[in-house]
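Please work through each task before reading its solution.

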Amino acid sequence: MAVVAIVASGCNTMNKGKKEAVVLPQDRENIVKKKDQQIYTPEEIKRGVVKGDWSIETVMGKKAVGEKAPYIKFVPSEKRIYGNNGCNVLNGEYTYNAQDSTIRFSNMATTMMMCGKEGITDYEINTALDATKYYSWRVDNNDYLLTFYNENRQPVMTLLHQNFEFLNGTWRIAKVNDKPIETEGVEMVIDVDEGKIHGNTGCNILNGQLEIDMDQPNSISFCNIATTRMMCPDIEHETALLFALEEATYAKPVSSTEVILYSDQQKPVLTLVRK
């Protein structure tokens with residue numbers, strides 16, 4: 001009978017290294033929701049739509065470096081924002097009008113943890129959001145940049161869009177460390193919204209978590225990876241795959257059907273081809 005084992009833990013979380021039992025789904029396809037693509041379309045860019053996950057890059061002209069990576073998640077269907085101000089969790093309401101480029105934040109609330117004074121403080125981020133009256137955004141070398149302005153049209157905050165929707169779906173693992181995979185059925189399902197992965201090493205079932213690093217564009221990590229423990233003829237290939245997942249820190253779309261995952265040394269560790 002197969003058993004479940006934790007084989008890797010790479011995410012930068014408070015529970016790093018914590019070993020927990022993993023419940024394997026009966027059908028790995030069920031982990032992917034039926035939903036529309038949530039990336040920006042050319043029409044949305046033209047209309048000035050504000051949605052999705054954005055890392056806070058600068059506040060009042062200073063680089064935004066806090067105890068935690070500050071970011072804002074815009075949820076248009078709820079007209080709400082969620083995020084972190086560098087120390088405390090924040091949430092509130094937002095409205096915007098693309099016609100006159102106005103944006104407002106209201107009913108903001110944060111947790112009340114004691115925060116350090118290094119880098120950008122939570123107070124400065126909260127003050128900048130409160131002062132925000134206008135916005136603009138642009139595309140620069142495939143990066144989406146959002147700027148908030150005060151009532152005098154002076155910039156108070158810049159943000160970088162974190163768009164990982166290109167990772168959603170079912171992928172065939174075509175290469176591990178640039179070596180082609182010949183074994184059938186080596187694949188992985190990624191659900192960005194749920195922060196989960198599930199797949200098959202060609203012998204064993206695996207699942208785990210996907211964590212997004214808001215400090216850097218396209219920066220990710222996989223953690224709490226678990227596999228069943230079937231006896232496999234090509235165990236060295238499975239081991240290489242699991243180590244590659246643990247090494248992966250950066251995802252880059254090559255096309256709509258291919259993604260390469262890199263290590264922190266910019267070495268390609270996994271090549272994924274959409275099924």
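**Exercise 1.** Determine which charged end sits over the ring of Y134.

Solution. The charged end of R153 lies over the ring of Y134, at 3.6 Å from the ring centre. The criterion is that NZ of Lys or CZ of Arg is within 6 Å of the ring centre and within 35 degrees of the ring normal.

The model is predicted, so local features need pLDDT of at least 70 and side-chain atom pairs count only at pLDDT 80 or more, while totals for chains, interfaces and linings use all residues. Residues are numbered from 1 along each chain as its sequence is written, and side-chain values use heavy atoms, with hydrogens and water left out.

**Exercise 2.** Describe the ring pair of F74 and F105, and locate both residues.

Solution. Step one is the rule: rings of Phe, Tyr and Trp (its six-membered ring) pair if their centres lie within 6.5 Å; planes under 30 degrees apart are stacked, over 60 edge-to-face, and the rest tilted. Step three places F74 in strand β4 (residues 71-75) and F105 in strand β7 (residues 102-110), so the pair ties together parts 31 residues apart in sequence. Strands are DSSP runs of E with at least two residues, and helices are runs of H or I with at least four, numbered from the N terminus. Finally, F74 and F105 are both buried, where buried means under 20% relative accessible area, exposed over 50%, and partly exposed in between (1.4 Å probe, protein chains only). Ring pairs also link F74 and F105 into a cluster with Y94, Y96, Y135 and F148.

**Exercise 3.** State how many helices and strands the chain has, and what share of its residues is buried.

Solution. The secondary structure comprises three helices and 19 strands. Of the 275 residues in the chain, 43% are buried.
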